[in-house]
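Dear colleague,

Please find the structure for your review below.

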Amino acid sequence: MATALRRTKSRFFAKDKPRDPATLASVAAFTTWRLGLQTIKRMRDADFEIEASPQYFDILGEYLVFLIHVADRFAFARLPLPERRVFTVAMVKRLAELMQENESRLLGSDPEAIRRGFIDRFNARADDYATFGFDEATGPDFAFLRYAGHCLLAVVAERDRAWVTDQVMTIEAPDAVDTLRRVMDNVIGTAGSIIAAEDESAAEGPFPEMPDVDAPVDDPIPPE
């Protein structure tokens with residue numbers, strides 16, 4: 001049985017207050033981080049070999065990148081084009097910071113290399129994820145989910161490679177997609193209005209082209 005994600009902020013109580021996309025992204029990023037940690041725990045409970053090592057963060061990083069692309073598709077249906085751009089870039093940068101803080105603290109790794117590595121991973125996957133289908137009601141299509149499993153093949157233990165794609169596609173992803181849909185509906189629905197970010201430079205970064213949508217692909221997220 002799926003474990004509910006508890007005590008995650010997913011709505012604004014001051015409903016008449018305008019919110020910028022970066023604020024929405026901070027809520028989505030926190031939820032996504034919690035979903036990633038929950039998935040690692042459930043995979044360990046299912047006897048996947050995930051050690052407290054760089055491998056732990058490689059698996060977590062790949063899964064977070066997948067969830068960012070899911071959140072970006074939900075943002076596409078809920079936000080204007082410029083605001084969606086700011087939302088996705090801000091979400092990537094916040095999760096890169098969380099990876100940086102946690103991996104460097106637990107493993108003593110170079111913080112800047114961790115942050116840059118996560119952004120590079122997102123950029124490396126963006127063009128591929130952009131080619132897959134997504135439905136508002138059902139979420140990612142089969143190819144979208146299968147690609148997430150494929151990316152994890154390179155970072156899970158060899159004995160787990162036969163099972164990881166099925167674990168992600170049938171067990172982990174459906175619950176996570178439903179949670180992100182609810183969070184996006186709640187934070188956008190309880191915002192008084194959506195305003196443009198004050199810092200226009202925050203909009204610079206990756207913006208995968210959506211299938212059948214005239215949305216240009218920008219330069220990747222800069223590592224600074």
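A nonpolar core is here a set of buried Ala, Val, Leu, Ile, Met, Phe, Trp, Tyr and Cys residues joined through side-chain atoms within 4.5 Å; buried means under 20% relative accessible area, with a 1.4 Å probe and protein chains only. The model is predicted, so local features need pLDDT of at least 70 and side-chain atom pairs count only at pLDDT 80 or more, while totals for chains, interfaces and linings use all residues. Residues are numbered from 1 along each chain as its sequence is written, and side-chain values use heavy atoms, with hydrogens and water left out.

The largest nonpolar core has 60 residues, of which Phe66, Phe87, Met91, Leu95 and Phe118 touch the most other members. Two or more residues come from each of helix 1 (21–45), helix 2, helix 3 (81–107), helix 4, helix 5 and helix 6. Helix 2 gives the most, 14 residues. Helices are DSSP runs (H or I, at least four residues), as are strands (E, at least two), numbered from the N terminus.

Beyond its neighbours within four places in sequence, Phe66 is in contact (heavy atoms within 4.5 Å) with residues including Phe144, Leu145 and Ala148.

Met43 lies in helix 1 and is buried, with a relative accessible area of 2%. Met43 and Val164 are 121 residues apart in sequence, yet their C-alpha atoms are 8.9 Å apart in space.

Yours sincerely

How values were computed
Buried < 20%, exposed > 50% of the residue type's maximum accessible area, 1.4 Å probe, protein only.
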